Amino acid sequence: MERPRGLRTCLYDETQLELVLAEMAQRLATRLDRADPVAVVGILRRGAPLADRLVAALQRHHGVPPPLRLDLRIKRYEDDLTLLHPETRLDENEQQRSLDLKDYTVVVVDDVLYTGNSMLRAVAWLAQKQPRQIIVVTLADRCVTRLPIHADVVGVRLQVAPPDIVECNVPPYEPTFRIELLKLERAGGEYQT
């Protein structure tokens, strides 16, 4: 798929994001009760490799035992209008349908929290599994959610007004780990403001 055209600015590079991720793991570790089993849920696409990086940091630096790891596919992306669906959908497979998360602490991870549609759908689905608690984690929070959802652990807060796009580049989907700001190109070569 072709990337949207426009003026790209790197806001955070790989070195900076590794530090951000380490700080996120520290904040998350203080919220986990070692007596409760933990499940870490990545929202596909980029939330899944972020969840893997977060789990690695929790295990390596905070002694957290290996959690249950799973991913959810949710269709609605506010920042990429080529992928926008009229409603937020969660694709549930048979294994997920029968999943028992009773008494778990569930950590749900995504790359960008924008309007809150995807995260609210994920949290609503996970709440039906009766976990002890749900902790929302996002690498970038645009600070403009329109729904009653917030992130408990945030990597960076970015106050970026529409129509600008925040792109989290996360391997293996992109070659380098970084956050970029994209100002879309309009007809005539001007950039939207």
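Reader: How many helices and strands does the secondary structure of the chain come to?
Author: The model is predicted, so local features need pLDDT of at least 70 and side-chain atom pairs count only at pLDDT 80 or more, while totals for chains, interfaces and linings use all residues. Residues are numbered from 1 along each chain as its sequence is written, and side-chain values use heavy atoms, with hydrogens and water left out. Helices (H or I, at least four residues) and strands (E, at least two) are DSSP runs, numbered from the N terminus. From that end the elements run β-α-β-α-β-β-α-β-α-β-β-β-β, and the count for the chain is four helices and nine strands.

Reader: What share of the residues of the chain count as buried?
Author: Buried means under 20% relative accessible area, exposed means over 50%, and partly exposed lies in between (1.4 Å probe, protein chains only). The chain has 193 residues, and the buried share is 47%.

Reader: Among contacts between residues at least 6 apart in sequence, what share join residues at least 24 apart?
Author: A contact is a case of heavy atoms within 4.5 Å. With pairs at least 6 apart in sequence taken as the whole, the share joining residues at least 24 apart is 71%.

Reader: Which residues have the most contacts inside the largest nonpolar core?
Author: A nonpolar core is a set of buried Ala, Val, Leu, Ile, Met, Phe, Trp, Tyr and Cys residues joined through side-chain atoms within 4.5 Å. The largest one has 35 residues. Those with the most contacts inside it are Leu-28, Val-107, Val-137, Leu-139 and Ile-179.

Reader: Which element gives the most to this core?
Author: At least two residues each come from helix H1 (14-31), S2, H2, strand S5 (105-113), S6, S7, S8 and S9. The element that gives the most, with seven residues, is H1.

Reader: Which residues does Leu-139 contact, leaving aside its neighbours within four places in sequence?
Author: Leu-139 is one of the residues with the most contacts inside the largest core. Its partners are Leu-17, Val-20, Met-24, Leu-50, Asp-110, Asp-111, Gly-155, Val-156, Cys-168, Phe-177 and Ile-179.

Reader: How many residues are in the second, separate core?
Author: This core includes Ile-43, Leu-101, Met-119 and Ala-151. Its residue count is 20.

Reader: How many disulfides does a search of the whole structure find?
Author: A disulfide is a covalent bond between the sulfur atoms of two cysteines. Here the test is a pair of cysteine sulfur atoms within 2.5 Å. The search of the whole structure gives a count of zero.

Reader: Is Cys-168 buried or exposed?
Author: Cys-168 is among the residues in contact with Leu-139. Because its relative accessibility is 4%, Cys-168 counts as buried.

Reader: Where is Cys-143 found?
Author: Cys-143 counts as partly exposed because its relative accessibility is 34%. Its phi is near 65 degrees, a positive value in a residue other than glycine. Cys-143 is found in the loop between S6 and strand S7 (153-157).

Reader: Where is the place of Gln-130?
Author: Gln-130 is not a glycine, yet it has a positive phi of about 60 degrees. Its place is in the loop between helix H4 (117-127) and strand S6 (133-141).

Reader: What is the omega of the peptide bond from Leu-44 to Arg-45?
Author: Arg-45 lies in the loop between strand S2 (38-44) and helix H2 (47-62). The bond from Leu-44 to Arg-45 is cis, with omega near 20 degrees.

Reader: What is the omega of the peptide bond from Pro-171 to Pro-172?
Author: Pro-172 lies in the loop between strand S8 (165-169) and strand S9 (178-184). The bond from Pro-171 to Pro-172 is cis, with omega near 15 degrees.

Reader: Over the ring of which residue does the charged end of Arg-142 sit?
Author: A charge sits over a ring if NZ of Lys or CZ of Arg is within 6 Å of the ring centre and within 35 degrees of the ring normal. Arg-53 lies over the face of Phe-177, at 4.1 Å from the ring centre. For Arg-142, 4.0 Å from the ring centre, the residue is Tyr-114.

Reader: Which residues does Thr-9 touch, not counting those up to four places away in sequence?
Author: Thr-9 is found in strand S1. Thr-9 and Glu-180 are 171 residues apart in sequence and 5.4 Å apart in space, C-alpha to C-alpha. The residues touched by Thr-9 are Ile-179, Glu-180 and Leu-181.
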